[in-house]
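Here are some exercises to work through with the model open beside you. Try each task before reading its solution.

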Amino acid sequence: MSRPYRFGVNLTVPAPAEEWSAKCRRAEELGYDVIQVPDHLGMVAPFPALVAAARATDRPRLGTFVLNAGFWNPALLAREVATTDALTGGRLELGLGTGYVRAEHDTAGLPFGSPGERVDHLRRTVEELERLLGDEEHLPRPAQRSGVPLLIGGNGDRMLELTARHADIAAFTGGRTVRGSTTGQLAPVTADELDERVARYLDFAADRKEPAELNLLIQMVVVTEDREAAVRPFLEYLPDLTTDQVLELPIFLAGTVGEITARVRAQRERYGFTYLTVLEPYMEAFAPVMRALRGD
């Protein structure tokens, strides 16, 4: 229990400059530790959005959550990472994943590949970034001389092994891609399944000198007196799960502020998650939970 909580908000909705800056300032006011952006077509371009977030704020770190490695050439990505870290005063956290939306690759005219090929590309990207950014002769240079913290998100065995070997932050999505979906449709991972995935990661990470920070992406936060009513609209999309099973999903937080706070504490005890990310629509709802947790 020695690692402090950290909380991130993933800003997914594009906005003009003033509105974007206001959102970032509001995240800082609410107490979020990290302002994050995704890497999907139709959403903000990650690196300029983070530079703008840095100009609007003073305290939060700034993260990609997560870059689709299939969109990026490693040498060009190293330039973006170093420049963004320098322009944000060393506040960058680099989140990487394989990408999972085939339709976006088709739109961009980029190969999608098999799951194995995407993991191979991510591995090469991580290794090349380490080589390039670790070279004192590489220009531009990042501001963080000890290195830009690396987050890797994924659930499969090869991804967990890669995460254990290279990442400072191990991010669990709590969802898996629906087989055959081209649009990135996800099915939730149950509490027991997440137990197994975290345990598998810890096996891979057993020889680490320093344990990684464990992150979970929370998909929904509903502050309510009636938990069952909160999940009822989603049952038609999850026909294999009962109301009680949906309420137990690690990525879904519903209840009073006290009940949600207790859930987060219980999930920390069960899985080790100390770094939680919420999506932009739930930034306000989660704020009182953060305040309660920081009173631990």
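**Exercise 1: a loop tryptophan**

Trp 72 is found in the loop between strand E4 (67-68) and helix H3; helices (H or I, at least four residues) and strands (E, at least two) are DSSP runs, numbered from the N terminus. Before you start, note that this is a predicted model, in which local features need pLDDT of at least 70, side-chain atom pairs count only at pLDDT 80 or more, and totals for chains, interfaces and linings use all residues. Residues are numbered from 1 along each chain as its sequence is written, and side-chain values use heavy atoms, with hydrogens and water left out.

Task: decide whether Trp 72 is buried or exposed, and list what Trp 72 touches.

Solution, step by step:
- The relative accessible area of Trp 72 is 19%. Buried means under 20%, exposed over 50%, and partly exposed in between (1.4 Å probe, protein chains only), so Trp 72 is buried.
- Leaving aside residues up to four places away in sequence, Trp 72 touches Asp 39, Phe 47, Leu 67, Leu 77, Glu 80 and His 121. Contact means heavy atoms within 4.5 Å.
- With Asp 39, the side chain of Trp 72 makes a polar contact of 3.1 Å. Such a contact is a pair of N or O atoms within 3.5 Å; within protein, one must be able to donate a hydrogen and the other to accept it, and residues adjacent in sequence count only if both atoms are side-chain atoms.
- Trp 72 and Thr 125 are 53 residues apart in sequence, with their C-alpha atoms 8.4 Å apart in space.

**Exercise 2: two helices**

Task: describe how the axes of H3 and H5 cross, and find the residues that meet.

Solution, step by step:
- The axes of H3 (residues 74-87) and H5 (residues 115-133) come within 9 Å, crossing at roughly 55 degrees.
- That makes H3 oblique to H5: angles under 35 degrees count as roughly parallel, over 145 as roughly antiparallel, 65 to 115 as roughly perpendicular and the rest as oblique.
- From H3, Pro 74, Ala 75, Leu 77, Ala 78, Val 81 and Ala 82 meet Thr 125, Glu 128, Leu 129, Leu 132 and Leu 133 of H5.

**Exercise 3: a glutamine in a helix**

Task: where is Gln 267 found, and which residues does Gln 267 touch?

Solution, step by step:
- Gln 267 is found in helix H10 (residues 257-271).
- At a relative accessible area of 8%, Gln 267 is buried.
- Not counting residues up to four places away in sequence, Gln 267 touches Leu 216, Leu 249, Pro 250, Gly 272 and Phe 273.

Methods: Axes fitted to C-alpha atoms, helices over the stretch in contact; angles between N-to-C directions.
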